[in-house]
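Subject: Handover of a structure and notes on its features

Dear colleague,

Please find the sequence and the structure below.

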Amino acid sequence: MYYVYVLENPKKKWYIGQTDNLEYRLARHNNNKVRSTKNRGPWGIKYMEEFSTRTEAMRKEEFLKSGKGRKFLKTVLEKNN
């Protein structure tokens, strides 16, 4: 399984990524092993989707990083709060 995830830190900043091991990836983010999130945590999972192929996950990641994707996330995450 492959996952697309959105992390959020205490300053309400997001990080969007994809992985095949969500627990391991979150630990790397929180242990400052990922350059783009280093010293900006702690990070928590705000949103996650599961896919059967990496290609599907990468397409969704690309969409979520677009303007339309960020609007989509904003509406989805506001419903969950």
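The notes below describe the nonpolar cores, the helix packing, the aromatic rings and the loops.

The model is predicted: local features need pLDDT of at least 70, side-chain atom pairs count only at pLDDT 80 or more, and totals for chains, interfaces and linings use all residues. Residues are numbered from 1 along each chain as its sequence is written, and side-chain values use heavy atoms, with hydrogens and water left out.

**Nonpolar cores**

Helices (H or I, at least four residues) and strands (E, at least two) are DSSP runs, numbered from the N terminus. A residue is buried under 20% relative accessible area, exposed over 50% and partly exposed in between, with a 1.4 Å probe and protein chains only. A nonpolar core is a set of buried Ala, Val, Leu, Ile, Met, Phe, Trp, Tyr and Cys residues joined through side-chain atoms within 4.5 Å.

The largest nonpolar core consists of ten residues: Val-4, Val-6, Ile-16, Tyr-47, Phe-51, Ala-57, Leu-64, Leu-73, Val-76 and Leu-77. At least two of its residues come from each of E1, E3, helix H2 (54-64) and H3. H3 gives the largest share, three residues. Apart from this core lies another, of six residues, among them Tyr-3, Tyr-5, Leu-22 and Trp-43. As a general background, nonpolar side chains in soluble globular proteins tend to be buried together.

Not counting residues up to four places away in sequence, Val-4 touches ten-residue-core members including Tyr-47, Phe-51, Ala-57 and Leu-64. Val-4 also touches Gly-17, Gln-18, Met-48, Glu-49, Lys-60 and Glu-61. Leu-22 lies in helix H1 (residues 22-30) and is buried, at a relative accessible area of 14%. With neighbours within four places in sequence left aside, Leu-22 is in contact with Tyr-3, Tyr-5, Ile-45 and Met-48. Leu-22 and Ile-45 are 23 residues apart along the chain, and their C-alpha atoms are separated by 9.5 Å.

**Packing of H2 and H3**

How do H2 and H3 pack, and at what angle? The angle is about 85 degrees, and the axes are 6 Å apart; axes are lines fitted to C-alpha atoms, for helices over the stretch in contact, and angles run from 0 to 180 degrees between N-to-C directions. H2 is therefore roughly perpendicular to H3, given that angles under 35 degrees count as roughly parallel, over 145 as roughly antiparallel, 65 to 115 as roughly perpendicular and the rest as oblique. On the H2 side, Lys-60, Phe-63 and Leu-64 meet Lys-68, Gly-69, Arg-70, Phe-72 and Leu-73 in H3.

**Aromatic rings**

Rings of Phe, Tyr and Trp (its six-membered ring) pair if their centres lie within 6.5 Å; planes under 30 degrees apart count as stacked, over 60 as edge-to-face and the rest as tilted. By this rule there are three aromatic pairs. One of them joins Tyr-47 and Phe-72 edge-to-face, at 6.4 Å centre to centre and 85 degrees between the planes. This pair links distant parts of the chain, with Tyr-47 in strand E3 (residues 44-51) and Phe-72 in helix H3 (residues 67-79), 25 residues apart. Tyr-47 is buried, at 13% relative accessible area, whereas Phe-72 is partly exposed, at 28%.

The rings of Phe-63 and Phe-72 have their centres 6.1 Å apart and their planes at 55 degrees, so this pair is tilted. Phe-63 is partly exposed, with a relative accessible area of 33%.

**Loops**

Pro-10 belongs to the loop between strand E1 (2-8) and strand E2 (14-19) and is exposed, at 57% relative accessibility. Residues up to four places away in sequence aside, Pro-10 touches Gly-41 and Pro-42. Gly-41 and Pro-42 are themselves joined by a cis peptide bond, with omega about 10 degrees, and Pro-42 is in the loop between H1 and E3.

Lys-12, in the loop between E1 and E2, has a phi near 65 degrees, a positive value in a residue other than glycine. Asn-39, in the loop between H1 and E3, also has a positive phi, near 60 degrees. Lys-12 is exposed, at 59% relative accessibility, and Asn-39 is exposed, at 61%.

Notes
Contact means heavy atoms within 4.5 Å.
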